[in-house]
Every structure is written in structure tokens, then in C-alpha cells.
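Here is a report on a complex of two chains. Look over the sequence and the model before reading on.

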Amino acid sequence: MEILVASAIGVLTATGLYLVMRLRTFPVIVGTSLLTYAVNFFLFASGRLVVGAPPILSEDATRYTDPIPQALVLTAIVISFGMTAVVVIIALGAYLSAGEDNVNEPDPEGLLEGMDEEGERA
Amino acid sequence: MSLFLIVLLPFLGALLPGVIQQAGRRACAMTTFLVSALALIGLFSHLPALLAGNVPRVEVDWIPSLGLNVAFHLDWLAFFFALLILGIGCLIIIYARFYLTRDDNMGEFFTYLLLFQGAMVGIVLSDNILLLLIFWELTSLSSFLLIGFWKHLPDGRQGARMALTVTGMGGLAMIGGMVILGQIAGSYNITDILQHRAEIQASPYYVPALLLILLGCFTKSAQFPFHFWLPHAMAAPTPVSAYLHSATMVKAGIFVLARLWPVLSGTEIWVILVSGTGIITMVIAAIIALFKNDLKALLAFSTVSHLGLIVFLLGTGNPYAAVAAVFHILNHATFKAALFMTAGIVDHEAHTRDITRLGGLRHLMPVTTVIALIASLSMAGIPLFNGFLSKEMMLEEAAHTTYLGNHWLIPVLATVGALFSAAYSFRLYFHTFTGPERHDYPHHPHDPPFGMWVSPALLCIPIIAIGLLPWIAEGFVFAVSEAVMGSAGTIPEKLHFKLWHGVTPALKMSGIAVLGGAILLLLYRPANAVWGFLPVPFAKKIFDAIVNALVALSRAIIWPTHDGSFTRSAAIFAVAVSVLGLHAFMSGTLGPVTREPLDMHPMVIPGWALMIISACAMVLYHRNRFATLILMSIVGLMLSVAFAFFSAPDLAMTQISVEVVTLVLLLLALNFLPNETPAESPVMIKIRDGFIAIFAGLLVAGMTYQMLLRDFVSPSIAEYHLANSKPGGGGTNVVNVILVDFRGFDTFGEIIVLGIAAVIIYALTAMLMRGPVRAKLLHRKPDKPLAGDKHPLMMVVLTRVIMPVVLLVGTYIFLRGHNMPGGGFIAGLIVAIAIIMQYMASGYGWTYDRQRFPHHGIIGAGVLVAGLTGIGAWFVGHPFLTSSFAYIKIPGLEKFEVASAMFFDLGVFLAVFGAVLLSLSSFARLARHKDYEESDHPMDIDPSRTEAD
């Protein structure tokens with residue numbers, strides 16, 4: 001079973017990274033979401049895989065899985081929603097005001113041109 | 001008044017001016033004045049103890065493991081400096097009230113001033129060098145704000161930046177030096193350190209510590225070659241110059257020299273470095289000062305020169321000089337603050353401070369003229385004024401100082417310094433105030449209102465009083481000097497302050513200086529012409545060249561990897577992390593396999609296959625954005641199933657509800673973004689990216705697999721949490737107990753972060769809706785045909801019917817969270833989804849009108865409820881967020897338990913609920929356009945309405 005979990009995490013990482021390296025905002029955002037799945041799954045798995053022993057205390061249970069990675073990942077899932085939402089509104093704002101959803105600076109050298117002596121934007 | 005309170009008062013007071021400003025400028029200045037005056041009164045309340053020979057001291061542990069304690073003490077040295085800081089501070093506040101114009105934001109100014117004042121008082125009262133360093137950095141930061149107060153002036157911004165750069169770098173050096181010093185002495189308490197003179201001076205680390213500390217002191221006190229920032233800081237409003245650059249901040253370096261004098265002084269390297277730097281600074285700055293035409297620049301260089309004088313006196317390392325240094329600190333603070341304020345008055349009245357455009361102000365501004373005359377004569381070192389006395393002592397000391405075996409070098413340099421000092425003092429007065437009255441002042445000057453000249457006039461009182469009756473200052477200066485020297489020296493027995501010591505070498509030198517100064521002023525034109533020909537290096541140019549070189553260097557390093565291309569940075573990052581990980585794996589050792597692999601379950605294979613296939617399909621079809629979203633939600637769904645399978649019911653529930661809201665969010669976004677990603681990456685780039693991705697994916701998979709086959713390296717802390725969850729936290733769902741109890745503080749931070757994210761989204765939406773984007777959105781032509789039925793009947797009815805059911809489920813999930821899977825996070829998401837369904841079915845306008853509380857308010861309430869629950873623990877004497885619980889029996893119900901953690905979880909619930917709704921409804925706001933008609937009705941077709949309506 002471990003091989004399945006490990007391979008799933010690997011595939012999520014690889015597909016996420018590939019999409020992150022695309023040129024438009026939307027695939028980059030979707031790629032980060034896939035990376036988030038991979039990272040959360042990995043963090044969760046660091047408590048090792050246990051079947052049928054949820055960390056709910058009861059008289060009958062003989063063993064429990066490690067609750068700490070679960071608590072960490074639970075908040076991570078919720079925070080990742082917040083992060084995705086912020087990135088999406090930034091991407092949306094950029095697209096709506098500039099009409100452009102490319103993630104790269106089209107003219108990197110031009111960045112330096114527009115600055116005055118103090119390094120402030122003219 | 002407690003010493004804590006004296007330090008704290010200005011910081012607390014800094015909150016007031018901005019608020020009081022609404023009530024008017026007078027009230028604002030008055031409040032600030034009262035804050036300073038109150039601290040001053042607090043200072044004097046300790047005077048009886050000091051006079052009785054005690055040193056009041058308070059201490060609280062802060063971070064004892066680092067040796068960092070909040071320890072304040074008030075010996076005579078601390079009292080002396082605190083008196084200067086708070087006393088002159090009060091005068092400056094009165095002056096600033098009249099100096100600042102209506103265009104200046106007075107509340108902001110006084111806030112910065114009080115912050116600075118608090119930091120300075122903190123420095124001088126600290127009995128712990130680490131604490132001192134904190135206040136030291138605070139003065140650098142607050143003075144940056146003050147110097148750059150006029151943000152619209154480029155000079156102000158550049159001057160502020162230069163001051164921060166120089167003093168900040170010095171501060172860094174100082175941190176190093178102080179830590180070494182503390183390590184040698186074995187304590188960071190100043191009182192303890194001062195007992196270890198012999199040990200410190202014998203240590204091999206004495207020289208590095210000394211060099212670093214001196215670097216900090218010399219940059220702060222503008223000693224050569226770091227003197228250049230001070231004249232540029234003169235771009236600040238004059239009250240700032242008068243306060244920071246005469247009496248307080250620049251004296252901070254001198255204060256540290258004096259504070260550590262007992263342990264650092266007296267060695268050969270100390271004498272060479274400190275007295276040498278001091279005398280060079282004194283001479284060079286005095287020469288430059290003479291040829292400055294800007295009144296404040298002249299005063300700035302003269303300040304540098306006088307600071308050099310004091311540093312020289314501390315550097316010679318004998319008791320007589322220490323007394324002279326203390327005396328001159330007092331005298332310099334009085335006459336220099338008065339002169340700065342006078343320069344500000346001239347600037348304020350004549351609208352220029354260029355000496356070449358002034359002259360003849362004597363008849364127009366008689367009061368100002370008298371003040372300027374008194375202070376200038378004191379600065380020149382003329383008898384009957386206080387400057388004369390301490391300068392005499394300096395010359396006396398110089399006359400007996402040999403430097404590197406040379407007997408005449410120091411006396412000659414000191415005389416030259418004093419000569420130029422007299423010359424620029426004369427020039428300041430005569431070229432500005434005497435001579436014929438002119439008709440071309442930029443503004444016709446006259447004496448300012450009383451409030452503006454009262455402060456410098458008050459400072460003239462000690463100038464004359466000490467000048468005429470030197471003995472009145474004797475007891476005080478001696479007490480302070482004894483505090484400086486500690487056990488390392490005593491006041492010379494026959495030393496007394498008096499006007500006439502007989503014809504001493506010092507008197508002769510003084511005479512030469514005053515006469516020479518007067519002659520030099522008469523020859524000012526030819527001297528100035530000569531000065532113009534001298535190749536004087538311009539410090540600002542050198543500084544700018546160094547800064548530019550550093551900027552160019554950093555760009556050269558950053559640019560190749562970080563050129564504005566996100567794709568490139570992401571690729572470099574992925575490769576770098578993978579290679580580092582691979583290296584760590586190859587160079588480490590792999591332990592034996594200690595866990596039995598779990599048996600393959602037939603149910604798992606389809607889920608695994610769905611996840612893998614969906615993820616791969618996303619890569620293949622990612623250009624079709626809608627399909628990508630569907631595939632992504634399949635991955636998310638399978639992940640929640642995996643969580644459920646591997647004993648994590650809470651995670652499964654969270655993942656699936658987050659999946660829903662994320663999908664809604666991305667669909668909303670897709671409404672505005674193009675539906676197709678254009679094919680634009682060349683094949684080679686795709687292959688490169690594919691290779692990087694597969695490489696990283698394989699490494700991650702391999703690492704995970706190896707990890708899963710092995711047990712923990714050290715015992716897990718899980719046992720503790722499992723064992724204490726019920727008896728300590730009162731709940732059987734350990735994950736929930738960890739969230740709301742064990743790690744409650746983390747969760748508290750996380751709901752705040754989530755709230756901030758939602759507010760950012762709201763703010764960005766509001767910003768977009770105000771700008772040109774608004775028109776674009778309103779006139780947007782939908783890129784796909786809209787549904788004919790905006791609010792489908794079936795959906796409206798269905799969402800309406802299931803809403804109470806969903807709310808019930810949410811409540812149930814919330815209530816059982818402490819003992820069974822559930823809790824605030826999940827319940828918040830579920831209830832949010834119930835409301836979002838209403839938005840989707842019945843429209844934004846209809847739902848928005850029925851919403852009783854604003855979403856921000858709900859987030860705020862959540863954070864507040866959680867925070868108050870945590871604070872509640874204080875009232876029963878427990879630390880923040882300690883939880884407690886009790887079992888309650890209500891007749892008719894089973895016995896159930898109420899934990900304070902439940903209120904905390906309620907806060908989590910509210911924050912999550914509000915954050916999700918605020919983000920999604922913000923997106924929905926963008927979607928409204930011109931042709932959109934808000935409907936008063938939840939659905940377009942209402943069976944109960946008739947045609948007649």
C-alpha cells in the first residue's frame with residue numbers, strides 16, 4: 001500500500017510542477033493546487049499509514065494513529081484555500097487591468113530603465 | 001514613579017497625538033507636552049533616593065536563557081542624560097507647536113517624537129546591554145522617521161536613508177561588540193560588567209569587542225570618518241535637528257562610551273583610537289563649519305566638532321578629562337539646542353537660512369538676536385558663559401596630553417580646533433545679525449511669537465548662570481562624573497569649577513584661539529577663496545558611489561536567476577531543491593526497514609488509478625481550463641477518500657468541503673479569464689519542464705516510500721497528546737483537542753491569517769471596482785451564451801429546502817467536534833456552503849439584501865471570541881488560552897460536558913465562515929454587469945404572482 005501512496009504523491013508533485021512552469025496564470029494556480037495536495041498528503045503520511053485506527057479515544061480501540069500531522073494538515077488545507085483565493089484575485093486584477101495573463105515580465109531589462117536615481121519608480 | 005513607567009510613558013503617549021489631533025493643534029501639542037512633563041516629574045521623584053546615595057533599580061526576567069532581562073537603573077549618569085532628553089524634549093515640543101505649519105501633520109510628528117524620546121530614555125536607563133541595544137536600534141528607526149518627516153523633499157528622504165544606513169550599520173557592529181563583552185564578563189547586566197575591568201582588558205577578545213563597540217558609538221555620534229550623515233540629516237524640520245542632533249541622539253554614542261568607560265578605557269589602544277578620532281573630528285569639522293553658508297549646516301558641523309571634543313576627553317582616560325567631558329555635554333546641550341532653535345526662527349521668519357542672504361537682523365529681531373548672541377559667545381568659549389569653562393578644561397587637558405610620544409601635537413590641534421570654533425561662532429552671529437539692514441530678504445522678518453522664543457530663552461538661563469557662578473554646577477557634574485568613573489577613578493582632589501585659575505597654559509591657548517578666531521573672521525573673504533581652491537572630498541559623493549556599487553553588485557548576483565520571469569525562477573527553484581535533496585540522500589545513511597508494508601486493499605486500486613489518471617490528464621488537457629477544473633476536483637475527492645481510509649476522518653471532511661468552495665471560487669474566476677490557454681511553449685521547453693517535473697516527482701516519491709517503510713527516528717510526542725486529551729482537554733477527538741487546546745495559539749494565528757486573506761481579497765476587489773476596470777466589467781460581453789433561466793426554479797426551491805438541513809448538520813458537526821470528527825473548521829465550511837448555494841441559486845443581490853451582518857464583522861467577531869476565550873484564562877491565573885471544562889447535567893438531557901475550548905472553537909467557526917463568504921462574495925461582486933437586473937424575487941418565475949403584478 002505504501003508504494004501507492006508514495007507514487008500518488010510523486011505524480012501529484014510532478015504534474016503540479018509541470019503546470020507551475022506554464023506561462024499563464026490559470027495553469028500556474030491549478031499547478032500550485034496540485035502541489036498543495038502533494039504537500040498535504042506527504043505531511044499527513046509522515047505520521048505513517050494506519051488503517052482503521054482514527055485518533056478518536058474510545059474504550060474499544062487498542063491503537064490510534066498519530067494525531068499531530070492530522071491537526072497540522074487540517075489547518076493547512078483551510079489556509080491553502082485562503083492562499084489560492086488571494087492568488088486568484090491578484091491574477092484576476094492583473095488580467096482585468098492589463099488584459100494580459102502571462103506570468104512573466106515581458107521586458108525584464110525595462111524594469112531597471114524606469115527607475116530614477118533613488119531606485120524609486122518615476 | 002516606577003522606572004518602568006518612565007520608559008513606558010513616551011511609548012504609551014505616542015498613541016495619543018494622532019487621536020487628539022482631531023481636537024486641534026493646541027490640544028495635540030499640549031498632550032505631548034504633558035506626556036514628557038509627566039515622565040520628567042517621574043524622573044525627579046527619584047531624586048531624593050539619588051541624593052541619599054542609592055541607585056534605584058528594577059528588573060523583570062524577559063528571556064533569561066539569553067541573559068536578556070528588562071532591567072532599568074537610575075544612577076547619576078542615567079539621571080543626567082534622562083534630564084537632558086526629557087527636559088529639552090519639553091522645550092522642543094513647545095517650540096515645534098509654533099514651528100510646524102498647518103500643512104504639516106502634527107499628530108504624526110509628535111508620535112514619532114515621543115517614540116524617539118522613549119527609545120532614548122530606554123537607552124540611558126537600561127541596566128542590560130541587550131536591552132540597551134534594542135532601544136539603540138529603536139532610536140535609529142524613529143530618527144529615520146523624524147529626519148524624513150517632510151516626505152515630499154528628496155533631500156529629506158535621502159538624508160534619512162543615509163542616517164539610517166550609517167547608524168544602522170554601526171548598530172550592527174555594536175551588537176557584535178556588546179555580545180562579546182557580555183560573554184567575557186559572564187553577564188549582560190551593565191552593573192555586573194562594570195565590576196570586571198581587569199578580566200575584560202586582559203581578554204584576547206577585548207580588542208575586537210572594543211573595535212565593534214567604538215564603530216557603533218562613532219557612527220551614532222558622527223565621528224570622523226562617519227561624520228557625513230549628520231549634515232545631511234539637517235533636511236529634517238528644525239525641532240528635530242535641535243532635539244536629535246544637539247542634545248540627544250548624537251549623544252547616545254557618547255553615552256555608551258561614558259557608560260562603559262570604567263571597563264573599556266585606559267588601555268593604549270583606547271587612548272590612541274578614541275582620543276585620536278575625537279581630536280581629528282574636532283579640528284576637521286570646525287574648519288568645514290566655518291565655510292558653510294547654511295546656518296543649519298554650520299551648526300551641524302559645529303556639533304560634529306564639539307562631539308569630537310567630548311570624545312577626545314573621554315579618550316584620554318583620566319578622571320580630570322572625564323569631569324570635563326560631562327561638564328561639556330551639559331554646556332553643549334544648552335547652547336547648541338538654543339542655537340538650532342534660533343536658526344529655525346530665522347528660517348521661519350526670513351524664509352532662508354543662507355548666511356549670504358542674511359545680515360542686519362539685529363534691528364528687526366531684537367529678542368532673537370540677544371538669544372543668538374548669548375549662545376554664540378558660549379559656543380565661542382568667551383568668559384562669563386558656560387562654554388568657556390568646559391573648553392578651558394579641555395585645553396588644560398590637551399596641554400598635558402602626549403600622543404604617540406609627541407608632546408606638542410595635541411595642544412596644537414586643540415588650539416586650532418578652538419580657533420576655528422571661535423571663528424565660526426563669531427561668523428554665525430555677526431554675518432547673520434549685525435551689519436546693515438537689507439531689503440532683499442525672501443520674507444520680511446520680525447520676532448516670532450512668545451511660544452517660539454521662550455524655549456531657547458529658557459536655555460540661556462543655565463548658559464549665563466553656570467558661566468557666572470560655575471560652582472552651582474559643580475556638585476551635579478561631580479556626581480555624574482563619579483557615576484561615569486565608577487571604581488576606575490576618583491575626582492581630582494583640588495578640582496573646583498571657577499572662572500579664574502591664574503595664567504595657565506589653557507588660558508594662553510584660549511586667548512590665542514579667541515583672538516585668532518576674530519582675525520580669521522576679518523579675513524573671511526580671502527580665507528573662503530583659499531578654501532574654494534582646496535580639493536575637499538565630498539562625503540555624499542563617496543557614500544553614493546559606495547551605495548551604487550553595492551546596488552550594481554546585488555543586481556549582478558540577482559539578475560541571472562531573478563529576471564522577472566516567474567517560470568524561470570520556478571524551474572531554478574525546483575531543480576535546486578531536488579538536487580539538494582538528492583545530495584542529502586546520497587551523502588546520508590539509510591536505516592533498515594522497520595515497518596511491515598500494509599496489505600494491498602482491492603478497494604484502493606481504483607481510487608489510486610483515478611487520482612493518477614486525473615492528474616496526468618490535467619497535464620495533457622490543461623489548455624482546456626474548464627476540463628482542468630473538473631479533473632482537479634476528482635483529484636481532491638480521491639484525496640479526501642484517502643484521508644478517510646487512512647484513519648483521518650477530520651481531514652476527509654475538511655478536504656471535501658474546501659474542495660467545494662475552491663471549485664466555486666475557480667469557476668467564478670474562470671468567468672472572467674479566457675477559457676483556453678494558448679499553445680505557446682516550444683517543444684524543447686515542454687521537454688525541459690517535463691524532465692524537471694519527472695525528476696522532482698521521482699525524488700519525492702522515492703523519499704516518501706523510504707519514509708513510510710521506517711518508524712520514527714525518535715519517539716513521537718503523539719503519546720503525550722493521546723494520553724492527555726481526555727483528562728487535560730476534556731475531549732476524545734484528539735485532532736480537535738490539539739487544534740483548540742494543545743496548539744490553540746497556532747490555530748488562533750491561523751484564523752487571523754485566514755481573515756487577513758479574506759480582507760485582502762475584499763480590498764483588492766473594491767480597488768478594482770473603483771478604477772478603470774469597473775467600466776470594462778460593466779460593459780463586458782459574456783464570452784459564452786448565458787442561461788435563459790437565471791435563477792432556475794428547481795435549484796431555488798431545492799437550496800431553500802435543504803438550507804435548514806445543512807445548517808442543522810453544521811450545528812451538529814460543530815457541537816460534536818470535541819469528541820467526534822467535526823469541529824469549528826469543518827462546520828464553518830459547511831455553513832458557508834449553505835449560504836453560497838443561496839447566492840448561486842437566487843442571485844447576489846437577493847442574498848446580499850438578506851444578510852444581516854457584514855462578513856468582515858463575522859471574521860472580526862470570530863477572532864475576538866477566540867481571543868477573549870484565551871484571555872479568560874488570565875482571570876483565573878492561567879496563561880493565555882489555558883482551557884478548562886466541566887460536566888453539566890440538565891434535567892431531561894444526558895450529562896454533557898462544556899469546555900472553554902468550545903467557545904474558542906466557536907471563534908474558529910465564525911472566522912472560517914466569514915472568511916469564506918467574504919472571499920467568494922467579493923468575486924461575485926465583480927460579476928455584475930450593466931444589463932444585469934437585480935430581482936426582488938428569489939426566482940424569475942413565481943407561481944403565486946399574477947400577470948397583473
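## Chain A

Chain A has 122 residues, and 56% of them count as buried. A residue is buried if 20 or more other C-beta atoms lie within 10 Å of its own, exposed if 12 or fewer, and partly exposed in between, with C-beta atoms placed from the backbone. Chain A holds four helices and zero strands. From the N terminus on, the order is α-α-α-α. Helices (H or I, at least four residues) and strands (E, at least two) are DSSP runs, numbered from the N terminus.

Two residues are in contact if their C-beta atoms, placed from the backbone, lie within 7 Å. Take the contacts in chain A between residues at least 6 apart in sequence: 48% of these join residues at least 24 apart.

## Model and confidence

This is a predicted model, in which local features need pLDDT of at least 70, side-chain atom pairs count only at pLDDT 80 or more, and totals for chains, interfaces and linings use all residues. Residues are numbered from 1 along each chain as its sequence is written, while chains are lettered from A and ligands numbered from 1 in the order in which they are written.

The predictor gives the complex an ipTM of 0.93 and a pTM of 0.73. Chain B has an average pLDDT of 88, with 97% of its residues scoring at least 70. pLDDT is the predictor's confidence in each residue, from 0 to 100.

## Where the chains meet

The contact draws 79 residues from chain A and 101 residues from chain B. On chain A, helices H1 (2-20), H2 (25-45), H3 (67-98) and H4 (108-113) each supply at least two residues of the side that touches chain B. H3(A) gives the most, with 24 residues.

By class, this side of chain A has 55 nonpolar, 16 polar and eight charged residues. Ala, Val, Leu, Ile, Met, Phe, Trp, Tyr, Cys and Pro count as nonpolar, Asp, Glu, Lys and Arg as charged, and the others, Gly among them, as polar.

## Chain B overall

Chain B has 949 residues, of which 47% count as buried. Its secondary structure comes to 41 helices and four strands. The C-alpha atoms fill a box of roughly 110 × 75 × 75 Å along the principal axes.

The domain assignment gives domain 1 (266-559) and domain 2 (732-943) of chain B. Such bounds come from an automatic or database domain assignment. The centres of the two domains, taken over C-alpha atoms, are 66 Å apart.

## A hairpin in chain B

Strands S1 (residues 57-63) and S2 (residues 68-73) of chain B pair in the antiparallel sense over six bridges. Two strands pair if DSSP finds at least two bridges between them. Val60(B) has Val70(B) in S2(B) as its bridge partner. S1(B) and S2(B) form a hairpin with four residues between them. In the turn, Gly67(B) has a positive phi of about 80°.

## A buried serine

Ser305(B) sits in helix H17 (residues 295-316) of chain B. Why does Ser305(B) count as buried? It does so because 26 other C-beta atoms lie within 10 Å.

Leaving aside neighbours within four places in sequence, Ser305(B) is in contact with residues including Thr281(B), Met282(B), Gly417(B) and Ser421(B). Asn406(B) is 101 residues from Ser305(B) along the chain, and their C-alpha atoms are separated by 23 Å.
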